[in-house]
Amino acid sequence: MGKVPGEKGTTVPLEQKTEDELWLLYRRDKDPKVRDTFIRQYAPLVKYVAGRVAVGMPSNVEFDDLVGYGVFGLLDAIDKFDPEKNVKFKTYAVQRIRGAIFDELRSIDWVPRSVRQKTRQVEEAIGTLEARLGRTATDQEIAGALGMGEDEYAKTMIKISGTSILSIHEVWYSGDENDKVSIGDSIESPSSMNPEVMAERDEIRRVIVEAINELPDNEKKILVLYYFEDLTLKEIGQVLGVTESRVSQLHTKAILRLRSRLKNSRKGIV
C-alpha cells in the first residue's frame, strides 16, 4: 500500500488515513494509488447495483455485462465526487453506477421494437388524455383511450415495465452539453423533500420536479423507494401492501406520465 506525505515531512500509510482524508488527498493530487484504494473498497457496490438492476431484465441481458458497464460508473463517480457537498460517496456512486449501466443498455438498443412501439403508444395516450383532462388520468380512462379493456391494459403495462426503468435516467440538456440533468437526479430524496432545493440550479430541473410532484402519491412513493431507498419492486410491494405486479404497473405509469409531461413542457423551454 502506498504512502502519502504527512505533517513535518513524515509519511503516513494510506491504510491509516480516514476516508475523508483520502478524498481530500485525491481531490488535490489525483494520486492513482488513492484511486485504486477507492476502486477496491467500492468494487462490491458495482455487483450490488448490477444485481438490483438485473431483477426483471430479460434473459438476454447478462449479469456480468451489467457489472462491466457499472465499473465505468464507479470510475466516473470516483473522479467526479466532491466530498464538500455533504453527500455520502456510496449514495453518489450508486446513481452513477446505475446510470452507466442504463446508458450502455440504451446504446445497444436491447428493447424489442414491438415493446418500444407499444411504450410510445401508451405514453402518447397518457400525454394527450391528461392534457385534455387537466388532471391525472385513471387506468380506466387510459385503457379506453387505447381501445383496450382494463385487463389488457394491465398486462401491457407489465410487458413494457423494463423499458420504463431505463427512461428515468434519460438526460435532459439545458442548452450546454456539459449542463445536463436527468429525471432520476431530480427525484426528491427522503432526506430533502423540498422541491425548491432540487430546483435551484435551472429551469429544466424545476420542470422535472414539478412533474414529479404532480404524480399520484403511490407512484411518487414508488419512485422514491426504488431510486433513493434502493428497494426492489417486491420490497416496495411489502411496504405499500400491494403485489409486486401492481408495483411494476404503478412504476411504469409513473415514468410514462413523467415522460409525456416533460415532452410537453420541454416544447416551452427549448
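I started at Leu66 and, leaving aside neighbours within four places in sequence, listed its contacts (heavy atoms within 4.5 Å): Ala50, Val53, Ala54, Val61, Ile101 and Leu105. The model is predicted, so I kept the thresholds to hand: local features need pLDDT of at least 70, side-chain atom pairs count only at pLDDT 80 or more, and totals for chains, interfaces and linings use all residues. Residues are numbered from 1 along each chain as its sequence is written, and side-chain values use heavy atoms, without hydrogens and water.

Cores. I took a nonpolar core as a set of buried Ala, Val, Leu, Ile, Met, Phe, Trp, Tyr and Cys residues joined through side-chain atoms within 4.5 Å. Buried is under 20% relative accessible area, exposed over 50%, partly exposed in between, with a 1.4 Å probe and protein chains only. The largest core has 28 residues, and Leu66 is one of those touching the most other members, together with Phe38, Phe89, Ile97, Ile101 and Leu105. Two or more residues each come from H1 (19-29), H2 (32-54), H3 (63-80) and H4 (89-107). H2 gives the largest share, eight residues. I noted another core apart from this one, of 18 residues, including Leu225, Leu231, Val247 and Ile255. Helices are DSSP runs (H or I, at least four residues), as strands are (E, at least two), numbered from the N terminus.

Lys30. I found this residue in the loop between H1 and H2. Lys30 is not a glycine, yet its phi is positive, about 50°. Most residues other than glycine have a negative phi. Lys30 is partly exposed, at a relative accessible area of 40%.

Helix H5. I checked the length of H5, residues 113-133: its 21 residues should span 30 Å, and the end C-alpha atoms are 30 Å apart, which agrees. The expected span is 1.5 Å times one less than the number of residues. Among the buried residues of H5 are Val115, Thr119, Val122, Glu123, Ile126 and Glu130. Thr119 counts as buried because its relative accessibility is 6%. Its side chain reaches the backbone oxygen of Val115 at 2.9 Å. Gly134 follows H5 with a positive phi, near 75°.

Confidence. I read pLDDT as the predictor's confidence in each residue, from 0 to 100. The mean for the protein is 76, and 72% of its residues reach 70 or more. Residues 6-10 fall below 50, with four contacts beyond near neighbours in sequence. Residues 188-201 are also below 50, with 27 such contacts in the model. Where pLDDT is low, the predicted coordinates should not be read in detail.

Notes:
Polar contact = N/O pair within 3.5 Å; in protein donor to acceptor, adjacent residues only side chain to side chain.
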